[in-house]
Amino acid sequence: MLSLVIPFYNEEDNVENVITDLFTEFSKNNHNLEIIAVNNGSVDNTGNILSTLSHKYSSLYGSSDFINALKFSSALLLVLGFLNIIFNSPLFKLLNILGV
C-alpha cells in the first residue's frame, strides 16, 4: 500500500480532480492507495469538498482544524502504507511526479 499525505490550501478548483485521478490511476494497476488529505487552513470550499470525497473513497482520510505543525503529525499517525510519501508542494508538481 502507498500512503500519500497531501496538504491542500484553497484548492477548491483542483482538489476533486486530484483525489479522483489518483485513486483512478492507482486502481487501474491494482495498487492499494490511501490518501491523508490535510486541509491546511483553507478559507474556500476545499474542506467541504474533502469531506464529501471521504464518503466516496474509503481510503481517503482528512485532517483539519489543527495547528499547522500538528497537522502532519496527526496525519502520520493514520498512515498504514509500506511506502509513505509526504508532499508539501503545489498540486501540479505532485501530479507530474506521480505521472497523473
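The structure is a predicted model, so local features need pLDDT of at least 70 and side-chain atom pairs count only at pLDDT 80 or more, while totals for chains, interfaces and linings use all residues. Residues are numbered from 1 along each chain as its sequence is written, and side-chain values use heavy atoms, with hydrogens and water left out.

Strand β1 covers residues 2–8, and strand β2 takes in residues 33–39. Helices (H or I, at least four residues) and strands (E, at least two) are DSSP runs numbered from the N terminus. The two strands run parallel and are joined by 7 bridges; strands count as paired if DSSP finds at least two bridges between them. With helix α1 (residues 15–28), they make up a right-handed β-α-β unit. Right-handed here means that, with the strands pointing away from the viewer, the path from the first strand over the helix to the second runs clockwise.

The loops on either side of α1 each hold an asparagine worth a look. N10, in the loop between β1 and α1, has a positive phi near 50° despite not being a glycine, and is partly exposed at 28% relative accessible area. N30, in the loop between α1 and β2, also has a positive phi, of about 55°, but counts as exposed at 70% relative accessibility.

Searching the whole structure turns up 1 aromatic pair. The ring centres of F23 and Y57 are 4.5 Å apart and the planes are at 10°, so the pair is stacked. Rings of Phe, Tyr and Trp (its six-membered ring) pair if their centres lie within 6.5 Å; planes under 30 degrees apart are stacked, over 60 edge-to-face and the rest tilted. Because F23 lies in α1 and Y57 in the loop between α2 and β3 (60–63), the pair ties together parts 34 residues apart in sequence. F23 is buried at 10% relative accessibility, and Y57 is buried at 13%.

Terms used
Buried < 20%, exposed > 50% of the residue type's maximum accessible area, 1.4 Å probe, protein only.
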